[in-house]
Amino acid sequence: MSKLAKLTALAGASAIVLAGCAANEVDADPTATSSSSTGETTTAALSGTLDGSGASSMAAGQEAWVAAFQDANPGVTVNYNPTGSGTGRDQFEEGLTFFTGSDSSFKDEELATPHPNCSPADGAVFEFPVWISPIAVFFNLDGIDSLNMSPATIAGIFTNQITSWNDAAIAADNPGVTLPDLAITPVFRSDESGTTANFTDWLAKAAPSAWVKDGANVGSIEEWPFLGEGAQGTSGVVAAAAAGNGTIGYADASRVGDFGTVAVGVGNQFVPFSPEAAAKIVDVSSVKPGRPDTTVAYDLARDTAEAGVYPVVLVSYLQGCMDYADDAMAELVKAYAGFIISEEGQNVAAAAAGNAPISQATREIAQAILDQVQ
Amino acid sequence: MAGAKATKAKVRLGDLVFSKSATAAGTLILITLAAVAFFLFIQALPAFLPEADFHSKADNPLEYVAPFIFGTIYGSLIALVIATPLAIGIALFISHFANRRFAQTLGYLVDLLAAIPSVVYGLWGILVLAPFLNPTYVWLNENLGWIPLFEGQVSATGRTMLTVAVVLAIMILPIMAALIREVFLQTPRLHEEAALALGATRWEMIRMAVLPFGRPGIISAMMLGLGRALGETMAVALVLSPSSIISFALLTSTNPNTIAANIALQFPESGGDYRSLLVGTGLILFFITMVINMFARYIISRRAEFSGAN
Amino acid sequence: MTTVSSALKASSSLPRWFNPAAIIAAFGIALAFDTLAGANDPESGINLLAVGFGGFILYTLTTYIASRSVEGSRKATDRMVTALVTTAFLIAVIPLVSLSYTVVANGLARLDVDFFTMSMRSVVGEGGGALHAIVGTLELTGIATLISVPIGLMTAIYLVEYGRGKLARAVTFFVDVMTGIPSIVAGLFAFTLFLVVFGPAGAINGLAGAVSLAVLMTPVVVRATEEMLKIVPNELREASYALGVPKWLTIVKVVLPTALAGIATGVIIAIARVIGETAPLLLAAGFTASMNYNPLSDKMMTLPVFVYTSYANQGVDAQAYIDRAWAGALTLMLIVMVLNLGARIISRVFSPKG
Amino acid sequence: MSKRIDLESLNVYYGDFLAVEDVNMVIEPKAITAFIGPSGCGKSTLIRTLNRMHEVIPGARVEGHLRMDGEDIYAADVDPVKVRRQVGMVFQRPNPFPTMSIKENVLSGYRLNNNKMSKSDADELTERALKGANLWKEVKDRLDRPGSSLSGGQQQRLCIARAIAVEPDVILMDEPTSALDPISTAAIEDLAVELKEKFTVVIVTHNMQQASRISDMTAFFNIAGTGMPGKLIEYDKTEKIFSNPSQQQTEDYVSGRFG
């Protein structure tokens, strides 16, 4: 019996040792960039837990923001759960979260839906872009690093109409490239996602005659409408594409790594993705009309023929309440969102994820909205 | 006198408290199970009301869940078909073929497979097993494609129903092998010796004495393995390329997802009536496994009359 | 006379070298065939599955035919079954070796001091650790054990010492049913229970995760304890009654101590079974990058969920996330193995000697 | 059919433990030889060496020679499976295969070598074996019932039928009546006496009346103490052992003074 007691004591002791504080939490890591200011919003010592969820495409950016923000405010914990945009908005609508990162702006009916964490529940919400990132169309083919494809070709591939890599449609745009006689496996997101919504939005507008199912344009859709190789989340798509030969997929450009990428047809030329080319689309697009002035949402000109614009982009919004039922939460959201749209915040994200920072003008509009949050 | 009476009363009190709390604990098990069914039911209910709104993720609850029920049962049955002969083989190897001294160690070795968390099986399945099996899938598709199971456009990644079934088979193998091994080891020596004394070879002895005796054990191990496979979540979620489709094809990218994996993938991202629907699918899974378990118990209880001689 | 006496002898048997020679030859030929077949397609490499399968078929057939012609059909069947059964065992060992190798080879990269001293809070890309997940796992399994052991123990006592009639039969039956509850259903149950009782804000926390684990653990504890209590000989109980000890004291002072080692082993194996559960915790305990010591509020990270989310939500430096996932998997496997080993030691050291 | 068995300096081991030491004896054909002795003296162990059932236990082995009509059954090239076909065995407790019918039980041994036997051959063999075991009249109307549906004594005779169906030369009986009532015991004893017309019969028994009633030869085994090997003390005609044994130990045992 005493042996048993000793054993238990030993197990207990080792558990206590293990349960010591995490080295990176109580004493902030001195090598971290905590010395730099995090903007005017972090004046008082903040504390609490802020839960948000939404687009997984901006997970890398959120991770960078959370890290920098928590370094500056050790009492705060921000949980950003990259669940996908639709779910993020659903969870916000259910009162499970206090802000959402979303790849698509609020739908009109969502603007009218009550949000339990707002005061009043059917009160105003804010929405402004914080993240612009190109969606890369990438493929896994031995020995080929880049290909040119028109929107119609890409639509043909993803609707399972073009099934082989040496199809005439691909060959025509890529003179001099030896294409293998290999089946194309399109990989798509099996979960609902803003990346899919933006990608299909572009297909619907830039290749309206090819992006069809049962004779009708499929339009922009968050859940993939065709059969094939589905994978969960951006990581799943990347892993599935890596596992097979002859795969093609779409994902946030920051995640495509060593894959070959597609330069997409815009007007008469082919444009490879880059943050700069992606950022240009906002310049040629207009703000959606007829919405509350606490929301800034773009009608993206996907079918533009403007030179040097990469139209397969994802513009993600930060969404929350204008007036929170819980004042402490309002303060946390203001501080965190303020950091995100600050120049430093945008640079932190761009450094971590390689996306395009939002413009000075957009940041100022966003800050003006945020100042009214209470 | 008074003291004796008090002692007696005290003793009775101790017995009473103890027996009551033991009974209460047993009853709590029943309450818990009822609570599982109850809470799942009330959470699932909104999804089955006519005004349920699934945000275009599903039109009709039953249409939504049908492919997943199919996928759950289909994948588990294939896993069972793969695992059962292997489990019997392993059990026989350990109980009747291996050197006695090593048999126990070999048993531990197989039991270790049961100790590996399912999420690790999932990672291994997608990163190691799927690429390993894929060339074979291509071969099967090219040469045996006329069999409906192997038809269709073979997956480029190996994330197919067959891979899932193989992973599930490996996962249920240790529990099945352990159970069957225990039954085989309990084969009455008398029967084994009767067979040997008649001049049976080892295999003939197994056929005459061990297998007939172990048959109910094998069946209940199959049921238990099936139950495990039906409920397995993370390995399927990580490995399978899922679709909402009913298909028997084993080697394509278009596979019916399983209930459990679908819940794990969709639940954290769900809300409202759609989440209720997912809870409803969980309730269906609960009932499926419950029926399987009841059936297994029925088989085991029949075993008593089976071996009436002893 | 000679015919009768020769009937005793193995008519004639295959020489001893036949078996190893047949194995080598069969797999050699299979390998050669595969290499030849793949010669025009240099990328294909060696298909191990094809070689293994082909070699196995070749070996089994050769042995069967050779044995049948020399030793007769009964011996041949016996040899074939031996080959099949041994192969079945080897097939089970292959994934075990492959799994262990994969986890160890990939997991060692990040099994460093940081991994055990840091959480993932404010960590982007490389670095960070799983301390928050390890603490979460220990707390959650600890709470689950605290819930399920008393209930499981008392239920087993009820079944063995008190249970008669309908209720006992129902409990026995439903303990078995409970054993078969899919883990994801346990997670759904805990989530919905907490959602109904505490509302959306209190639905996902460590306690909910612990409850889901306890649901999975309790039937295992009941079964293990029941088995152990059953093998305590009735003579011990009767001896105690004969000394005038009341029933409950007999159970506490005589029956339980006798079965203690077995019960402890059963509990540890039950812990080992639930400590690797991912799905229910994903639903009920959620996930977070930060340390959370308080199981009563906010999400709590656990090791299996850490492994899953590290893999599923990779950041830009994907390799760092994958490395952390493998290191988490290795840690988890080590914990499970230590628990299993502990169970073995306890059962060996403390079991009543007889 | 019947065979003579020579045991020559036979040592029987369980691993390193010597269970039976240096046995030399000749078991005569067409006779019943009884092994008697106190518990643990190795008589059951010894009888199991006669059909190489001993080696079924891991680590068990035999040294010395055991010849059947001159042929050493422990020679390197002898197949134990074939030995057991020629030496039938009946165990202490009746052990018909519970999943087989009475008929299947009888045929189970024979079928091992003759998969394809015509129905008439099977029926004929069943009848012959069951008649040989004095069981035919009792079971002829229910041959398809499970073997376990019979009474204990009937089950034991079924096991004997099963053993003689393969037409062995020797039949070993390891305390065949110890689990049976007196009436069943008498039936088995009568059967044993009939069997010796055709077979060499060896029987282990604790029941000295049984040995004196039915056996022609009796071997008395004894053990010096726990952990010591069992030894053959005396082997002679049954009347001699029970009336005028040459060893004091034998006399003490058969007269009930110990054991």
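On the surface, F38(B), F41(B), I42(B), L45(B), L49(B), V196(C), V197(C) and F198(C) make up a nonpolar patch whose accessible area comes to about 710 Å² together. Keep in mind that this is a predicted model.

**The nonpolar patch**
- Two helices, α1 (2–44) of chain B and α8 (183–198) of chain C, each provide at least two residues of the patch.
- L49(B), one of the patch residues, sits in the loop between α1 and α2 (61–97) of chain B.

- In soluble globular proteins, nonpolar side chains tend to be buried together.
- Here the largest nonpolar core holds 246 residues, and L7(D) and F35(D) have the most contacts inside it.
- α2(B) gives the largest share of this core, with 17 residues.
- Domain 1 (2–107) and domain 2 (115–350) of chain C both contribute residues to this core, so the core lies between them.
- Beyond its neighbours within four places in sequence, F35(D) is in contact with a set of residues including M25(D), I27(D), L46(D), V202(D), A219(D) and F221(D), as well as K43(D) and T205(D).
- Another core lies apart from the largest one and has 93 residues, among them V125(A), V271(A), V282(A) and V312(A).

**How the chains meet**
- Chain A and chain D are joined by no contact, and their closest C-alpha atoms are 34 Å apart.

Technical notes:
Residues are numbered from 1 along each chain as its sequence is written. Chains are lettered from A and ligands numbered from 1 in the order in which they are written. This is a predicted model: local features need pLDDT of at least 70, side-chain atom pairs count only at pLDDT 80 or more; totals for chains, interfaces and linings use all residues. Side-chain values use heavy atoms; hydrogens and water are left out. Patches are made of residues with over 30% relative accessible area and no salt bridge: like charges are joined within 9 Å, nonpolar side chains (Val, Leu, Ile, Met, Phe, Trp, Tyr) within 5 Å. Accessible areas come from the Shrake-Rupley method with a 1.4 Å probe; for residues, only the protein chains shown count as cover. A salt bridge is a side-chain nitrogen of Lys or Arg within 4 Å of a carboxyl oxygen of Asp or Glu. Helices (H or I, at least four residues) and strands (E, at least two) are DSSP runs, numbered from the N terminus. A nonpolar core is a set of buried Ala, Val, Leu, Ile, Met, Phe, Trp, Tyr and Cys residues joined through side-chain atoms within 4.5 Å. Buried means under 20% relative accessible area, exposed over 50%, partly exposed in between (1.4 Å probe, protein chains only). Domain bounds come from an automatic or database domain assignment. Contact means heavy atoms within 4.5 Å.
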